[in-house]
Amino acid sequence: MNTPKTQDESATPPAAMLLMLCVYVCFTFLDTSSKYLVLAGVSALIVAWARFTVHVMLVGVFLRGWREPSRFRANNLPAHILRGMLLFGSTMFNIQALRTLQLAETTSIYFFGPMVITALAGPLLGEWAGWRRWLAILAGFIGVLIITRPGVGAFGVGHLFALGSMLSNSFYVIMTRRMSSTETSESLILFSALAPAVLLLPMLPFAPSLPQDGWHWFILLMLGVFGAGGHWLLVQAYRLATTTALAPYPYSQMVWMIISGWLIFHQFPDRWTLLGAAIIVASGLYIIHREHRLRLRNSASLDTEAGTLAKKL
């Protein structure tokens, strides 16, 4: 007896495509606003704290946490705190990187993250990559070297911060995978922002500078809106399409980052950044394609085994 699939993995509804494009427009606004504020002299600690605090408030309002607080219960609070600190580290490193790097540079290095996750998933999750995906990881690393160009004067502290942001986010994603089987999605959304917002409070008195006018305060408050809004749209997109179908869309952020950097900061990436970004994106798309093929092959194998068993019964 064949079981029909509830969702065609090859078909992506137009609404899901539009939502994913809006997701990465929101994340582009988030990074652009963060860079704008730190260049205006606002403390990176203030920027990060406002981003997480407004996020927590919006999550509480839109998910109506007062009605069913059990949805936000943490089964493993230390793991939630560690995961939140990894997201905080990724955010802080990214803000520091944006002081000196173009938006397209930080995004290109950030896109190496899926390859790092694929490499780390073996020892940490037991999900080992084959030789083809390892070649793609190596190609992505070459793309990072082209962008940073260590030894030729291009590599700077901003690149170190961007790499730190990417690594922190990679471990954050791996922890999310491990915790998703025991924690509710609401708790994962809430504590990822609540932990850094609370732990940052003692540091705020040491923040060197606050926004100096109403416009900067408005942008500061909008950070949480862009962050929470992007995550909410992401959840809606995953309700309409599979993870595999939506996997390539994060790379659309490169286009938005280039446009934003050109319009707001009058910066356009050089040919080395564009070349490295192209290699990283191509490598990431190949890994997505390869994992999709393997998933289909495993599914076909399971269907064959089920069919054989049904004939025996």
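This is a predicted model: local features need pLDDT of at least 70, side-chain atom pairs count only at pLDDT 80 or more; totals for chains, interfaces and linings use all residues.
Which residues in α2 meet which residues in α9? The legends below take this contact first.

View 1. Residues are numbered from 1 along each chain as its sequence is written, and side-chain values use heavy atoms, with hydrogens and water left out. In α2, Ile46, Val47, Ala50, Arg51, Val54, His55 and Leu58 meet Leu220, Leu221, Leu223, Gly224, Val225, Gly227, Ala228 and His231 in α9, where contact means heavy atoms within 4.5 Å. By class, these residues divide into 10 nonpolar, four polar and one charged (Ala, Val, Leu, Ile, Met, Phe, Trp, Tyr, Cys and Pro count as nonpolar, Asp, Glu, Lys and Arg as charged, and the others, Gly among them, as polar). Helix α2, residues 44-62, packs with α9 at an angle of about 50 degrees, and their axes lie 7 Å apart (axes are lines fitted to C-alpha atoms, for helices over the stretch in contact, and angles run from 0 to 180 degrees between N-to-C directions). The two helices are therefore oblique to each other, as angles under 35 degrees count as roughly parallel, over 145 as roughly antiparallel, 65 to 115 as roughly perpendicular and the rest as oblique.

**View 2. Helix α2 also meets helix α8.** The axes of α2 and α8, the latter spanning residues 185-200, come within 8 Å and cross at roughly 140 degrees, which makes α2 oblique to α8. On the α2 side the contact includes Trp49 and Phe52, and on the α8 side it includes Ile189 and Pro196. The residues of this contact comprise 13 nonpolar, three polar and no charged ones.

**View 3. Helix α3 meets helix α4.** Helix α3 (residues 77-98) and helix α4 (residues 103-110) have axes that come within 9 Å and cross at roughly 145 degrees. Ser90, Asn94, Ala97 and Leu98 in α3 are in contact with Leu103, Thr106 and Tyr110 in α4, and this set holds four nonpolar, three polar and no charged residues.

**View 4. The second largest pocket.** About 310 Å³ of space lies in this pocket (a pocket is, on a 1 Å grid over the protein atoms alone, an open set of points where a 1.4 Å probe fits, with protein on both sides within 12 Å along at least five of seven lines, and lining residues have an atom within 4 Å of a point). Among its 16 lining residues, Phe29, Thr32, Ser33, Ser260 and Ile264 are the closest to its centre. The lining has 12 nonpolar, four polar and no charged residues, and its largest share, six residues, comes from α1.

Note on methods:
Grid points are joined across faces, edges and corners, and a volume is the space filled by probe spheres set on the points. Helices (H or I, at least four residues) and strands (E, at least two) are DSSP runs, numbered from the N terminus.
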